[in-house]
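Here's a short tour of a protein model, meant to be read with the structure open beside you.

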Amino acid sequence: MTRLKTRLLEKIQEHRPRTQKLTKEFADVVIDQVNIGQVIGGARDIHALVTDISYLDPQEGIRFRGKNIPETFAALPKAAGGEYPTVESFWYFLLTGEVPTQAEVDEVLADFKSRAKVPGYVFDMLKAMPKDSHPMVMLSAAILSMQKESQFAAKYHDTKKTDYWDTMYEDATTLVARLPEIAAFIYRYKYKNGDIIAPKADLDMGANFAHMMGIAKPYDDVARMYFILHSDHESGNVSAHTTHLVASALSDAYYSLSAGINGLAGPLHGLANQEVLDWIMAFQKQMGGAEPTEENVKKALWDTLNSGHVIPGYGHAVLRKTDPRYTAQMEFCLKHLPNDPLFKLVNMIYKVAPGVLTEQGKTKNPWPNVDAQSGVIQWYYGLKEYDFYTVLFGVGRALGVLANITWDRALGYPIERPKSVTTAMLEEWAAKG
Ligand code: CMX
């Protein structure tokens, strides 16, 4: 057993009594109340999920295993010659809550390599799909097509409930190891005339992804940063919640992640990064080469709002300030591409949009989220096919949701089944006040 899996088991054994005590002795303790607004309004703010992998504070933003983004980047072992930690070290950290040593990271790297070979039928299936299929459809289908590899499903009838985490961990790790090659294949198959670049055995995940995408340094660091930033945002967001919900029926990691990816593909969630670039391109076309100014950006934002659409990349269901994932990417841009015209335009939108949204007075959070900034970096390094951007988000998001469903099985969380009510029942409660 690898050191990661051994530590994970120790952590699970340490944790189980905490969950057991809470359910046995304190199950009746009330932690929240639910009102009609929340029932109709997308369950917003209802405290009804538990995860220890990340926590999202409305003001401060995300903490992974208790560490904010700068602390996470500072604590984890860096890739050789890189400024950012390896994805492999982050995977260890998400699963165990511990910062791994370099030797432990190397072991994860070797483990990923031993699982990374994507079965040939996945590529055959992707090639059989219509070429104009959205890359998110291809990603989701590729994940689902590998379900027959699931150890969880194969061993389900012979596995004790307390051991479910083991096969879930195996499937989760295999999926994480394979996703970069699948994503890079989708990109090069769709946009580079099928000129596929084979993976290299001696590279970490970020560097290998950059290599397979055919994009030079520092795109290896961009990939590491991007996958880590997009990994987890606690459990209530659509992709995390969907993955958790599907896994709660004891569907395996392949079914669950594919479902979560489908949720990520919505324009109010992960697809917003594609929408941001779409918005910018339409704006630039409309400007016809004229310089963007605060005035014409402001007008374009109002035009979007007045046509009944949202401003993509702005607002958030939980956050109430600028998303630190936005800030982390902005800092990268300031260092590596400070004079890039697209970066300058995105900065100008940042200057103007919060005021416009505040004046409109609808959104609870006029500040940018992660998606407002992420396309700029990709575009700068030559990845201009922006309908691919959500696939990058998906590879990152897989780390978080797969770590979560491994822990779901470890802690024996039951099938999820909230109760619905009828409108007439709500009206009755409303009449009683
Ligand atoms: N532009 C225009 N209107 C917005 C808005 C935006 N960026 N953000 C919120 N609003 C509107 C909502 O549509 C809603 O309007 P109605 O009352 O007419 O329905 C109102 O403001 C209140 O919404 P809210 O409570 O502030 O936000 P929600 O929790 O309902 O929704 C989110 C959150 C992210 C879906 C929303 O802010 C949005 O649509 N943003 C744009 C899309 C986007 O960037 N999504 C990516 C989020 C991050 C991610 O998951 O990747």
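Helix α9 has a kink of about 35° at R178, shortly before the proline P180; the bend at a residue is the angle between axes fitted to the seven residues ending there and the seven starting there. Keep in mind that this is a predicted model: local features need pLDDT of at least 70, side-chain atom pairs count only at pLDDT 80 or more, and totals for chains, interfaces and linings use all residues. Residue numbers start from 1 along each chain, following the sequence as written.

**Helix α9**
- α9 covers residues 164-191, so you can count 28 residues in it. Helices (H or I, at least four residues) and strands (E, at least two) are DSSP runs, numbered from the N terminus.
- From first C-alpha to last, α9 reaches 40 Å, close to the 40 Å expected at 1.5 Å a residue (the expected span is 1.5 Å times one less than the number of residues).
- Mostly, α9 is covered, with 23 of its 28 residues buried. A residue is buried if 20 or more other C-beta atoms lie within 10 Å of its own, exposed if 12 or fewer, and partly exposed in between, with C-beta atoms placed from the backbone.
- Just after α9, look for N193, which takes a positive phi of about 55°.

**Around the ligand**
- There are 22 residues around the ligand, and A272, V310, G315, A317 and T363 come nearest. Here, a residue is near a molecule or strand if its C-beta atom, placed from the backbone, lies within 6 Å of it.
- That shell splits into nine nonpolar, nine polar and four charged residues. Ala, Val, Leu, Ile, Met, Phe, Trp, Tyr, Cys and Pro count as nonpolar, Asp, Glu, Lys and Arg as charged, and the others, Gly among them, as polar.

**Loops with a twist**
- The peptide bond from K217 to P218 is cis, with omega near 5°. You'll find P218 in the loop between α10 (205-213) and α11 (219-229).
- D45 isn't a glycine, yet its phi is positive, about 75°. Its loop runs between α2 (36-40) and β1 (54-57), and D45 is partly exposed, with 16 other C-beta atoms within 10 Å.
- L250, another residue other than glycine, has a positive phi near 65°. It sits in the loop between α12 (238-248) and α13 (253-264).

**A hairpin**
- β1 and β2 (residues 61-64) pair in the antiparallel sense over four bridges (strands pair if DSSP finds at least two bridges between them).
- Three residues lie between β1 and β2 in this hairpin, and L56 has I62 in β2 as its bridge partner.
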